Structures are given as C-alpha cells and as structure tokens.
Amino acid sequence: ILYFSSVGSTMDVAKEEAKKNASEGTVIISNKQTSGRGRFGRKWVSEFGENLLFSVLLYPEQKMLSSLNIVASLSLLRAIQQETTLLPTLKWPNDVLLRGKKVGGILIETAVLAGRVKYAIIGFGVNANSDPTQVPEISEFSTSIANELGRDVSRETLFESVLVQLSDLYHSLRGWMDARNQWESYLETIGNHVRVVWGNEVEEGLAEGVDHDGNLILRRSDGTTVTLSGGDVTLKV
C-alpha cells in the first residue's frame, strides 16, 4: 500500500507503478486528489481527508477483464454492508447507491497489447465522511456514508474491508457465478425504462437484465433488444 497526502490522481500513480512492474495488488491511496476523475472524464469532487480515494493494480487474464466491473462494485457494496447498518444497492454499471443516491463509484482502466493484458487498474471513489449536500454540482444525486449514518465512519476500517472483499472475489473463480448473481440482485436498474448514453450514442428502452459478463440487455420500444457494455444510465420518466 502506497500512501500519499495528495496526488493528481491515484489512477495515474498506479499506471506509473505498472510501468515499473509493481506487484499485483499494489494499492495507491491518497487523502486528496487534485485531478481526480470518474467515468467519462468527469471530475471527482473530494476535500482533504474526508473520503476514500484509492486504486488497485491487477494483472488479470484477458477473459477476466469484463468481470472486473462486477468484482469491484460488489466489493464496495459488501464492505459498506459489513461495516455499517446501511443497505446499499447498485446502479448499472457500477455506481453504489444509498437510498437512491450515489455514494461510491468505480473507474476501470486497462492496457492490452497484442491480446495480452499489460495491466488493469480499479479506482474506487467513496463518499465516506463528506457532505455532498454542500456541493451544488453533486448535491441532488450524491450522498455519503456519514450523511446516511448520522455519524462519521472509520475510513481505515472501510478501506480494509473493501480490499478483503476485492481479494476474495478476484481470486474466487469457483464462486464467480454466485458473485455475478448477487451483483445482479442489487441492481436497481433492472425492470425500469432507462436512457443510456455513451459518447454520441443513445439507447432507450426497458432494462430487462444483464448477461453473463454484466452487460445490460435493453429492449427497445420496437421489441428488438440490444446489449450494452457501458454507458451513463438515467431513469426514463
């Protein structure tokens, strides 16, 4: 575990460690990120010492890449369950929610060369003890563990719990389908009419379920189905 008081991004530090052939399981954690990012290049807002901001370096087989999203988000969900009295759910593909508001996000970046995985980095951003209601850009759709509990949570204990859960899921190939099925059971997205945006593409329809790899199966209004591997999801009103 490499600890920093402040970095631009734990993801970028992890990439540098990968170039040095750092061992699998190397973790980069920081009290603050000056250039933290989420999916689609969005800025991750977090003040010093309030939240959990860390990245984990892995060297998975290529066939495991599509499963990392499930492993990561379920690890965080399980850790919150274990360390609090709260009941988190998931928004496809990898947001962790408390009472319908985002409390944690996952960012996965990989490098593949000639069919071989050079590295995979899982980034975790968890609103632990912050108060997102005071940040106008995210106040409507974000919350924190502390806000939901009514008290601060131990970041150290939660951090340890996420790593334990991640290790168990990542190494447990026998239990893979059980983990995938549990992940699906927490998805609030399934059964709702949704709008999925990725890049300049937009799809709308009923979220019917997910396939073996966690891709979203969407039924359009004309009855056809499409399988989506990623995107930004909003409920269609």
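Me: In which strand does Val 196 lie?
Reply: This is a predicted model, in which local features need pLDDT of at least 70, side-chain atom pairs count only at pLDDT 80 or more, and totals for chains, interfaces and linings use all residues. Residues are numbered from 1 along each chain as its sequence is written, and side-chain values use heavy atoms, with hydrogens and water left out. Helices (H or I, at least four residues) and strands (E, at least two) are DSSP runs numbered from the N terminus, and the run at residues 193-198, which holds Val 196, is strand S8.

Me: Is Val 196 buried or exposed?
Reply: Buried means under 20% relative accessible area, exposed means over 50%, and partly exposed lies in between, with a 1.4 Å probe and protein chains only. Contact means heavy atoms within 4.5 Å, and, not counting residues up to four places away in sequence, Val 196 touches residues including Trp 92, Leu 216, Leu 228 and Val 233. The relative accessible area of Val 196 is 0%, so Val 196 is buried.

Me: Which residues does Ser 75 contact, leaving aside its neighbours within four places in sequence?
Reply: Ser 75 is found in helix H2, residues 68-83, and counts as buried at 0% relative accessibility. A polar atom of its side chain lies 2.6 Å from the backbone oxygen of Val 71. With neighbours within four places in sequence left aside, the contacts of Ser 75 are Val 162, Gln 165, Leu 166 and Leu 169.

Me: What is the relative accessible area of Val 112?
Reply: Val 112 lies in strand S6, and, leaving aside neighbours within four places in sequence, Val 112 is in contact with Gln 62, Leu 65, Val 117 and Lys 118. Val 112 counts as partly exposed because its relative accessible area is 40%.

Me: How many aromatic pairs does a search of the whole structure find, and which residues do the ring pairs link into a cluster?
Reply: Rings of Phe, Tyr and Trp (its six-membered ring) pair if their centres lie within 6.5 Å, and planes under 30 degrees apart count as stacked, over 60 as edge-to-face and the rest as tilted. The search finds two aromatic pairs; Phe 54 and Phe 124 are stacked, at 4.7 Å centre to centre with 15° between the planes, whereas the rings of Phe 54 and Phe 159 have centres 4.9 Å apart and planes at 80°, so that pair is edge-to-face.

Me: Which strand supplies the largest share of the lining of the second largest pocket?
Reply: A pocket is an open set of points on a 1 Å grid over the protein atoms alone, where a 1.4 Å probe fits, with protein on both sides within 12 Å along at least five of seven lines, and lining residues have an atom within 4 Å of a point. The second largest pocket has a volume of about 470 Å³, and its lining of 19 residues has Leu 65, Asn 69, Ile 108, Ser 229 and Gly 230 nearest the centre. Strand S6 (101-113) and strand S11 (225-228) each supply at least two lining residues. The largest share, four residues, comes from S6.

Methods:
Grid points are joined across faces, edges and corners, and a volume is the space filled by probe spheres set on the points. A polar contact is a pair of N or O atoms within 3.5 Å; within protein, one must be able to donate a hydrogen and the other to accept it, and residues adjacent in sequence count only if both atoms are side-chain atoms.
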